[in-house]
Amino acid sequence: MDEKDLKIINLLLKNGRMSYTEIAKKLGTSESSIRKRVKKLEEEGVIKGYTAIIDPSKIGYNVVALTGFDTDPDKFLNVADKLAKFDEIKKLYTSTGDHMIMAEIWAKDGKEFSDLIFNKLGKIDGIRKICPAIILEQVK
């Protein structure tokens, strides 16, 4: 990977739908060169896919929370697997720091969020502590 590949990646991070022609113009190179580089980045797993970035509130999800989960150490991977099955959990990470697992959770309202936390996620065997932080506003 070279500097041109990094520039392509940065452009795609800003706009994943940017055409090869537009990228080529911005970088002063040919469209075919960009096409080959992007294909190579995809084959190497640098670019894993393309996705839409959705505003949850525009589709009825008024509560978004970054939520930390602490687990029994021997049940850590089992808990992560179970959490990954919930549609309300949009992103799931294993982590270091304050919590062993971090999740981005979307809910329609506070009642739905509470039900999910207390009656579903909180009952997963191995979860010791759940620490939700409701997002007030996305700045960047």
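Lys40 and Glu44 form a salt bridge, with their closest N and O atoms 3.8 Å apart; the term stands for a side-chain nitrogen of Lys or Arg within 4 Å of a carboxyl oxygen of Asp or Glu. Lys40 is partly exposed, at 45% relative accessibility. Here buried means under 20% relative accessible area, exposed means over 50%, and partly exposed lies in between (1.4 Å probe, protein chains only). Salt bridges that share partners also join Asp2, Asp5 and Arg37 into one network.

Before we go further, please keep in mind that this is a predicted model, in which local features need pLDDT of at least 70 and side-chain atom pairs count only at pLDDT 80 or more, while totals for chains, interfaces and linings use all residues. Residues are numbered from 1 along each chain as its sequence is written, and side-chain values use heavy atoms, leaving out hydrogens and water.

In one, the side chains of Glu3 and Lys7 meet at 3.5 Å, N to O. These two residues are four apart in helix H1 (residues 3-14), so about one helical turn separates them. Helices (H or I, at least four residues) and strands (E, at least two) are DSSP runs, numbered from the N terminus. Glu3 is exposed at 56% relative accessibility, while Lys7 is partly exposed at 40%. In the other, the side chains of Arg35 and Glu31 meet at 2.2 Å, N to O. Both lie in helix H3, four residues apart, about one turn of the helix. Arg35 is partly exposed at 43% relative accessibility, and Glu31 is partly exposed with a relative accessible area of 27%.

Now let us turn to the start of the chain. Met1 sits in the segment before H1 and is exposed, with a relative accessible area of 60%. Met1 and Arg37 are 36 residues apart in sequence, yet 9.4 Å apart in space, C-alpha to C-alpha. Leaving out residues up to four places away in sequence, Met1 touches Leu6, Ile9, Leu41 and Val46; contact means heavy atoms within 4.5 Å. Val46 belongs to the loop between helix H3 (31-43) and E1, and is partly exposed at 37% relative accessible area.

Next, let us look inside. The largest nonpolar core has 18 residues, of which Phe69, Leu83, Ile101, Ile105, Phe113 and Leu121 touch the most other members. Such a core is a set of buried Ala, Val, Leu, Ile, Met, Phe, Trp, Tyr and Cys residues joined through side-chain atoms within 4.5 Å. The elements giving two or more residues to this core are E1, H4, E3 and helix H5 (110-120). Apart from it lies another core, of 11 residues, among them Ile8, Leu12, Val38 and Leu41.

Which residues of helix H4 (residues 76-83) are buried? They are Phe76, Val79, Ala80 and Leu83. Seen down the axis of H4, these buried residues fall within an arc of 100°, so they line one face of the helix; the arc is that of the directions from the helix axis to the C-beta atoms. Their cover includes strand E1 (63-71), strand E2 (89-94), strand E3 (101-107) and strand E4 (127-134). Leu83 shows who its partners are: setting aside neighbours within four places in sequence, Leu83 contacts Phe69, Ile89, Leu92, Ile101, Leu121, Ile124 and Ile127.
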